[in-house]
Amino acid sequence: MCSSDLPIGIAAGTRDGQLVEVNDAYLHLLGYTRADFDAGRINWVALTPDSERAGDEAAFARAFTHGASGWYEKTMLDRHGQAIPVEVQLLRYHDQTDDLVIGYVRDLRERRALELERQARAADTQAQLGRTERSEEHTSELQSPMYLVC
């Protein structure tokens, strides 16, 4: 069910947070090991900050009602409690014994870093344009007849 060579994290679990299968990308994203998973030390409900649990509950409801939650952004907590921005989609999966949810998780840290870099460059460009405009205005004022001395 979960391929370990994909760059996207994949986890299958129950609605109460018990994970039944994860790929290595999911473990790597959150700083866990296969031994942590095998020992049952990862609960996907606990990986979400309290402030975002309502959004997860709504996504679970959409997945169980419509088959898919649609992509949504949230924060997940890694092994050390550090916030990781991610994009998630949940899909309902029904086998003979359980209704499961399969979560596809994309790490947004690189995208966010690029956005911050782009915003910083835009701010620098805007500041340079402002300095250029002020310099041109000052030069224009100095060249006006009122400032010319004969």
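Helices (H or I, at least four residues) and strands (E, at least two) are DSSP runs, numbered from the N terminus. On this basis the protein contains 4 helices and 5 strands, and their order along the sequence is β-β-α-α-α-β-β-β-α. The model is predicted: local features need pLDDT of at least 70 and side-chain atom pairs count only at pLDDT 80 or more, while totals for chains, interfaces and linings use all residues. Residues are numbered from 1 along each chain as its sequence is written, and side-chain values use heavy atoms, with hydrogens and water left out.

Of the 150 residues in the protein, 33% are buried (under 20% relative accessible area, with exposed meaning over 50% and partly exposed in between; 1.4 Å probe, protein chains only). Contacts are defined by heavy atoms within 4.5 Å. Among contacts between residues at least 6 apart in sequence, 41% join residues at least 24 apart.

Strand 1 (residues 9–13) is mostly covered, with 5 of its 5 residues buried. Gly9, Ala11 and Gly13 point one way from the strand, and Ile10 and Ala12 point the other way. Two strands are taken to pair if DSSP finds at least two bridges between them. Strand 1 pairs with strand 5 in the antiparallel sense over 5 bridges, and Gly13 stands opposite Val101 of strand 5. Strand 1 also pairs with strand 2 (residues 19–22), again in the antiparallel sense, over 3 bridges; here Ala11 stands opposite Val22. The hairpin of strand 1 and strand 2 has 5 residues between the strands, and Gly17 in this hairpin takes a positive phi near 105 degrees.

Helix 3 (residues 53–66) has 14 residues and reaches 20 Å from its first C-alpha to its last, close to the 20 Å expected at 1.5 Å a residue (the expected span being 1.5 Å times one less than the number of residues). Its buried residues are Asp56, Ala59, Phe60, Ala63 and Phe64. Seen down the helix axis, these residues fall within an arc of 130 degrees, so they line one face of helix 3 (the arc is that of the directions from the helix axis to the C-beta atoms). Their cover includes strand 3 (72–77), strand 4 (83–94) and strand 5 (99–107). Ala54, Glu57, Thr65 and His66 are exposed on the other side of helix 3. Just after helix 3, Gly67 takes a positive phi of about 95 degrees.
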